[in-house]
Every structure is written in C-alpha cells, then in structure tokens.
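Open your viewer, get ready to select residues by number, and follow along one stop at a time.

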Amino acid sequence: MMIPYGRQDVTKKDIENVKKVLESDFLTQGPVVPKFEKAVSDYVGSKYGVAANSATSALHIACLALGVSEGDMVWTSANTFVASSNCALYCGSKIDFIDINNSTLNICIDNLEEKLKKAEINNTLPKVVIVVHLAGRSAEMREISILSKKYDFKIIEDASHAIGGSYLGNKIGSCKYSDITVFSFHPVKIITSGEGGMALTNDRSLAESMLLFRSHGITRNEEQMSQQSHGQWFYEQKLLGFNYRMTDIHAALGLSQLERCDEYVSIRNQLASIYNYKLDRSFFNLPYETSDSYSSYHLYIIRLKLDRIKKTHKEVFNYMRDKGVLVNLHYIPVYFHAYYKKLGFKKGHCPNAEKYYSEAMSIPIFPALSGKDQLKVINFLSESVI
Ligand SMILES: *Cc1c(COP(=O)(O)O)cnc(C)c1O
C-alpha cells in the first residue's frame, strides 16, 4: 500500500454535477465556466475571475495582459515549479530568480530589495515580479507591494498552492497587494477541475485583456471592435491569442469542489498540527507559522537537519519510498534544469534555494489521509534518520 504525498478527493456529488454538464447542451462555452469564475472570485473577494485550461495558461495570459514582451525582465522565486518562470519566456522576456528566505521559504524581502537597488543602477528593473506562495503560505505581500510602488513593477501571485489560505485577514486571491493572482486546479492541488486554472483581478481592463488572450484574441462585443460589425455572425480578432479555454465539464467539477475548499484547508491544517506536534524537531525543521498567515497546507515540507542525522538526504528519501511513502521534493531550483542552464544560469545563483534543495522533503498531506497512515509516516520518518 502506497501513501502518496497528495491526492484528490472526488465525491458522488462531484460526479453527478459533471454528469449534468455531459447531458446538457454545452460541453464548452456554456454557462458553467462563468458560474465557476464568479464563485471563485466571490469566494476570495476579487472582482473578476478568468478561467483557463491550466494555471500555466493563466500565468501566460496574466503576463501578456500586463504587457510582458521582448526586452522586458520578469523575476520569480528560485524555488518554484518551472511554470512560474516559463510563462515569462513564452512572452519573449528575460527571466531572473530571487533567492528564498530560510524560514518562510518564499521570496526573501531583503534579497529582493538588494536586487532591485542593483537593477535600478544597471537599468534592468523587472516589469513584473511573480510571487509564489510556497506550500500555501503567503509571501510577505505587504512589503513586496511597497517595493513595487517604489521600483514600479507589477505583481502576479502564483497562488497555485494557496486557494483557501489567507494573509492579513484577506483570502489569498483578493489581489489586495497584487495585480493578478493565479490558482491551479490540478488534481494534486487544494481543489481540482481535472486540469484547470484561474486568474483573479480587480482591474477590469486586465480581465478583458486576459479574456481576449484566452480565446484566440477574438471578441463578439461590438463595443470592443475596431471595425463596423458585418452582421450577426461577425466577430473580430483583435490580437494574437490562444485557445486556453476551460470546458464546462471541468468547470462543473471545480465548482462542485469549491464548496468544500474551506473544509479541505481546515483538515489540512489539522493534519499539519499533528505533524508539528509529533515530528522530532531535533532532526527536522518544520514549516514556519506566523499569526499573519493562514496556510492552505497544499504541501507539508520538512527539512532534514543533516548535521544531526547519520543518513544523507537521499538515504532518508529512499528509505521512505521503500516503505511505500511517496515523499517528494518541491522544488529543484528552476535554473538547475538543463533548459535554464543553457540560458546561462550558474550554480550558486541563489544559495538559500540550493541549500533548501539539499535537505527538503514533502511528506503526505491530503484530506483523505487517515490517522493510521499519518502515524505510519511519522514512525517511518523517525526510523529513517537513525
Ligand atoms: C502546479 C503549479 C503550477 C502549474 O499549474 P498547472 O495547473 O498544472 O498548469 C504553476 N506554479 C506552481 C507553483 C505550481 O505548483
């Protein structure tokens, strides 16, 4: 019996809701996608939601709507999934990485500020900073937002891990401190639509622009057309967009799951508090918690205190996998990947992210994780280090 690090939870009601769409008139471009968009934006407290077929697509149209193009510079965290960085490269821009803070594991504010000061002198300031809320814990958005005004950059929150979490009393996704926030609904994330993502914003023109980019650059709204409509059949392509649409089938699953988002996050926090209580802090660094931030606990990441453990990182990892606990590692520093090496990034670029990579491990956390299985994970971990 394998215990994965994460797993979706699909109920009979979810299946019923998807089935209704399959029996309806519209499998795509029907009423369920707008309903899902409104439900998510109401849930997080933002004005607009633009659904897409993945968070990766949503990040791409978010960059495009903010005008990222050739010659621009985008920055993101060194410790993230490649999609947070690839979305900038799709737009032809340059990318650079900000090192993480050793406690929060998110973008380090001091490193960011120092890098901004240097970039101002060299005239290489970023147009957009893509902030990642690792494991579902918000980065320090208030501080980043203050820097964005001083150095004139836009902010995208890659909140792929973080729906259901909150920061300073606001749900993540409210965009209080950012221009756009992106969620992922991949099955391993908090709630799922199969594949899917959504971009949230409070800015109407950004929402309209993302809608265009999502759907071939085409509008059917006469007010947005630059030429006279030829008749009822007419639509106008205004720019070069993509087909990044979410289907109504996927939206029905997402909408059905959204009802349980708070419950899921609450269960994840309960599981986390059991790990916090039971895991031996003399061998493991546990997640950093502060009162300003309520994590969605998409991931529970421990870091091995290798100077106190007789085993190597790899040995502990292999031990857990051999016992059927499918631990994982989030993430390989983005610039360690072959593609990014070719772009010229070198080892040593973000030392904290590299050290983190040498000791981190994601252990199982998901709503259906039983108490019995969680205890197994805890016991195997204790054994693994001796
Ligand atoms: C999962 C994930 C993505 C990509 O999400 P998809 O919906 O699979 O495209 C992007 N960024 C981060 C941080 C993620 O974890």
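Where does the ligand sit? Select the ligand and show a surface: the ligand sits in the second largest pocket. To "sit" there, more than half of its atoms must lie within 2 Å of the pocket's grid points.

**Before you click further**

This is a predicted model, in which local features need pLDDT of at least 70, side-chain atom pairs count only at pLDDT 80 or more, and totals for chains, interfaces and linings use all residues. Residues are numbered from 1 along each chain as its sequence is written, and side-chain values use heavy atoms, with hydrogens and water left out.

**Stop 1: the ligand and its neighbours**

Select the 14 residues around the ligand; T56, D158, H161, S184 and K189 come nearest.

- T56: a polar side-chain atom lies 2.5 Å from an oxygen atom of the ligand.
- K189: a polar side-chain atom is 3.0 Å from a ligand oxygen atom.

How much of the ligand does the protein bury? Taken alone, the ligand exposes 390 Å², and the protein buries 92% of that. These accessible areas come from the Shrake-Rupley method with a 1.4 Å probe; for residues, only the protein chains shown count as cover.

Next, colour α3 (55-65) and α4 (83-90), the elements that give two or more residues to the shell around the ligand. Such elements are DSSP runs numbered from the N terminus: helices (H or I) have at least four residues and strands (E) at least two. By class, the shell has four nonpolar, eight polar and two charged residues. Ala, Val, Leu, Ile, Met, Phe, Trp, Tyr, Cys and Pro count as nonpolar, Asp, Glu, Lys and Arg as charged, and the others, Gly among them, as polar.

**Stop 2: the pocket that holds the ligand**

A pocket is an open set of points on a 1 Å grid over the protein atoms alone, with protein on both sides within 12 Å along at least five of seven lines; a cavity is a set where a 1.4 Å probe fits but cannot get out, and lining residues have an atom within 4 Å of a point.

Select F81, S184, H186, K189 and Y331, which lie nearest the centre among the 22 residues lining the second largest pocket. Its volume is about 330 Å³. The largest share of the lining, three residues, comes from α3.

**Stop 3: the largest pocket**

Move on to the largest pocket, with about 520 Å³ of space. Of its 19 lining residues, Q29, L211, R214, S215 and I218 are closest to the centre. Colour α2 (32-44), α7 (204-214) and β11 (218-219), which each give two or more residues to this lining. α7 provides the largest share, four residues.

**Stop 4: the cavities**

How many cavities of 30 Å³ or more are there? The count is two. The largest has a volume of about 90 Å³, and its lining includes S138, M141, E157 and Y167. The second largest cavity holds about 40 Å³ of space; R7, Q8, D9 and K189 are among the residues that line it.

How values were computed: Near = heavy atom within 4 Å. Polar contact = N/O pair within 3.5 Å; in protein donor to acceptor, adjacent residues only side chain to side chain. Points joined across faces, edges and corners; volume = space filled by probe spheres on them.
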